[in-house]
Amino acid sequence: MSANPPLTKSLTPLKDVSKKLGRFVTVMGVVVNHMPPKVTSKGEYMTTIILCDMSLNMHGVKARFFAHNERILPQITSNGDIIIISAIKVTQFNGETILLHNQYNLRYILSRLDKITGIPSSVCYPNSMSMSTDDLKQMAQLRSWWKNQGGNTAHSPAQNVAATSWDKQRKFSLIRDMKHGQFYDMVGRVVKMFDSGQWFTVYVTDFSENERLFAYDPSGNDDMSERKWNGPWGRYTLQVLLWDINATQAKRNLEEGQYIFLKNMHVRENRDSASMKPCYEGVLHGDRKYPDRPSFTIINNPDDSRVRELEQREKEYERRLTQESTKEMQNISEATAAQRQKKRKCESKEELGDKGVEEGVESEPEGRNHRVQCARKSQPIASIDFIKRGSFLKQGEYYRNRKYCIFCKVIDFRPCNLEDFAKAVIDDDDNDDEEGKNSEQKWCWRFSLLVEGRCGATLPVIVEGKDGEYLLRFKATNLREDAEALATLRERLSILWGGLEKKKAAELQALEKSTNCQPVAESLPPPGKGKRKRRRKNKSKKLTMEHTDSRSELGDSVKSELDEDDKEGKEQDTEAEFFKAAVLEFGLPKHNDTFDRKWKLFDTTIQT
């Protein structure tokens, strides 16, 4: 029997998974329906099962698994099998909450009864997975409940079909097609929100234009100029008032930049508008029949077709905005243009130094990764080559405390293992305790990225502490013990660097005898003042990083087949995209009273 903590200790009841959209959970359920594996359009194998547990009464939860090798998928023999799934992601598809697993974080234990003897047996994936006595007891309780249900569940396929048909009949609309007095479903991105007391106000856009919306002016000649409106400009944004349970849930869970699905929203004229032709606004009240059920859901799946269509409209909007800006600039008089250029030059000098400004500034690119956002939108982009050369440094000056915006993509990272991206630290205040006995161990983000600019120049940047939390949108923890946090980290970073982790893992695996990664050219400096790592004197101070293949736990036969499948699937790996980021230059003291120039990432976040 396993000495590991029981998996069922951290179980999430199936009725509560809808409250954890975008997060990774551990669940246990009885299989009430299943479909055999099939091949997707991407060449992967996919199987779908429907799970039920004692917390559900009238429906089941759908779980979907993907893998390049059919043999590692859960092999369901019949309805009634019990399965524990670890670190599976909660997401939405076509308005339905589902659980998603892929082969890179696949972890499950499947228990089934022998048809002849009736004795339960289990299959674990990976092989290191094991069950405790508590796990076995909970499985037995669930199996007993299933048997008392007559080997059946109240889950009705016909009921699901009816619900799906109802969803399809509901009127889905873009903002441009909305009219006064009608009810609509819509998908939009949250661009701004604030608490109004009794209700909660969100501003959403789907980048379609409606003449009855408020016109936001980029010149600042509207009422929103003092609220730091960052766009979109024009009549593309709908103000929506959330009431009742919708307001409560939005205050707790909603963030700017997220995509949301609004159901049965009432479109009306703004009652507070003083204009002759009031603007449209949306209103979302609570459901009278189900007062505890919110009428909006957060969409965390970037592959949702509605999200992709919205992002395509955003690209068209930005293209038109660029063309209009270019035309406007051509119509400005030479005197005004010279005055604005002088102002921009002064602003650029503040960020890039006193010389080389024209050389250092890059033009704003059109195509980029819109899911990585930089808070310093108005700051000009500096060339990485210009930053590294440091031609603006004066004689005897080792570094310049400057903040830059760069346009880059990630081409490498350190440490090699994502499990090492979080480090254990203690506060200085904790040292007052006797030998640190009462101090709590805390964790902070600390890793480095090697980024490359459009010119091909590279720059090592450090990510640590609060800047790491802002980038990843969650706090650091012990990643070697928290499988859900590790899966979340892997999913967030794939937005930042695409398939880089898989590519790097393949390269390191090819070096059969090379198990230690060499440090990046510019290694990480020691932690900042106020946070210190707990170190023992007999440990080496040299930073080394060991790469371990995440699939080493597979059996030899399955592993060899996976290696072949990985070679075939390399074409499906996404390339890292360029994005705008903010970096801070600082100096790291050396033993000879000089300084090394270093850079750290800040004011940059990954939109989930």
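Which residue forms a salt bridge with Glu-397? The partner is Arg-400, and the closest N and O atoms are 2.8 Å apart. A salt bridge here means a side-chain nitrogen of Lys or Arg within 4 Å of a carboxyl oxygen of Asp or Glu. By this rule the count comes to 24 salt bridges.

The model is predicted: local features need pLDDT of at least 70, side-chain atom pairs count only at pLDDT 80 or more, and totals for chains, interfaces and linings use all residues. Residues are numbered from 1 along each chain as its sequence is written, and side-chain values use heavy atoms, with hydrogens and water left out.

Now look at exposure. Buried means under 20% relative accessible area, exposed means over 50%, and partly exposed lies in between (1.4 Å probe, protein chains only). Glu-397 is partly exposed at 27%. Arg-400 is buried, at 9%.

Move to helix H7, residues 384-389. Helices (H or I, at least four residues) and strands (E, at least two) are DSSP runs, numbered from the N terminus. Arg-389 and Asp-385 both sit in H7, four residues apart, which is about one turn of the helix. They form a salt bridge, with the closest N and O atoms 3.0 Å apart. Arg-389 is partly exposed at 42%. Asp-385 is partly exposed too, at 32%.

Next come two strands. Arg-597 forms a salt bridge with Glu-585, and their closest N and O atoms are 3.0 Å apart. Arg-597 lies in strand E25 (residues 595-602) and Glu-585 in strand E24 (residues 579-589), so the pair ties together parts twelve residues apart in sequence. Both residues are buried.

Finally, find Lys-15, Asp-16 and Lys-19. A network of salt bridges links these three.
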